[in-house]
Amino acid sequence: MTRVKRRKIEVEEERRLLRNLITSAEFCNEMLPLLSNPKILQMEYSGLIVRWVKEYYDQHKKAPNVYIQDIFRQNKQKINSSEAELLEAFLTGLSEEYAEKEAEKGPNWQIEGEIVAGRAYLEERKVRFLASNVDRLIERGKFTAADKLLKRYAEQTTTEQKPYHQILR
């Protein structure tokens, strides 16, 4: 009998990351280069939202803000209807959270703190993604492949020049 290992996914930091990507050009400028492999993110729709933000940012050099809803509507037909409903509710929830967070911001609030938190979150996700891939390879008896993956990661962390998406494929 196979045991399924369950763990609760903590998503607040990822939601925070997505809110900031949707609303801040400065945050996009700092974080999008670190998100070349959105597979490191936990939530089902995060990769899709990151792709939409990146496309918008690359074209307009600003965050999509309220236009994320327009982007969703333009792409809605490419998503099955039940998933589209869930994604729409998710985006609505992010919008509501943003409004709440805006109301809470004090006069000393700065995006730099969000950038630091975003970098830390992505670093954690990168390492967890690596560990998960290594575990999967070990469970399948592919020790050499696991070792190579770890060595490539070690090389990348010493040079810090290569984006990690080249390592974690």
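**View 1. Aromatic pairs in the predicted model.** A search of the whole structure finds 2 aromatic pairs, where the rings of Phe, Tyr and Trp (its six-membered ring) pair if their centres lie within 6.5 Å, and where planes under 30 degrees apart count as stacked, over 60 as edge-to-face and the rest as tilted. In one of these pairs, the ring centres of tyrosine 56 and tyrosine 67 lie 6.2 Å apart with their planes at 20°, so this pair is stacked. The pair links distant parts of the chain, since tyrosine 56 belongs to helix α3 and tyrosine 67 to helix α4, 11 residues apart. This is a predicted model, in which local features need pLDDT of at least 70 and side-chain atom pairs count only at pLDDT 80 or more, while totals for chains, interfaces and linings use all residues. Residues are numbered from 1 along each chain as its sequence is written, and side-chain values use heavy atoms, with hydrogens and water left out.

View 2. Tyrosine 56 counts as buried at 11% relative accessibility, whereas tyrosine 67, with a relative accessible area of 42%, is partly exposed; buried means under 20% relative accessible area, exposed over 50%, and partly exposed in between (1.4 Å probe, protein chains only).

**View 3. Helix α1 and its cover.** Helix α1 (residues 12-23) has 12 residues and reaches 16 Å from its first C-alpha to its last, close to the 16 Å expected at 1.5 Å a residue, the expected span being 1.5 Å times one less than the number of residues. Helices are DSSP runs (H or I, at least four residues), numbered from the N terminus. Among the buried residues of α1 are Leu17, Leu18 and Leu21, and what covers its buried residues includes α3 (46-60) and α4 (67-75), with contact meaning heavy atoms within 4.5 Å.

How values were computed:
Helix = DSSP H or I, 4+ residues; strand = E, 2+ residues; numbered from the N terminus.
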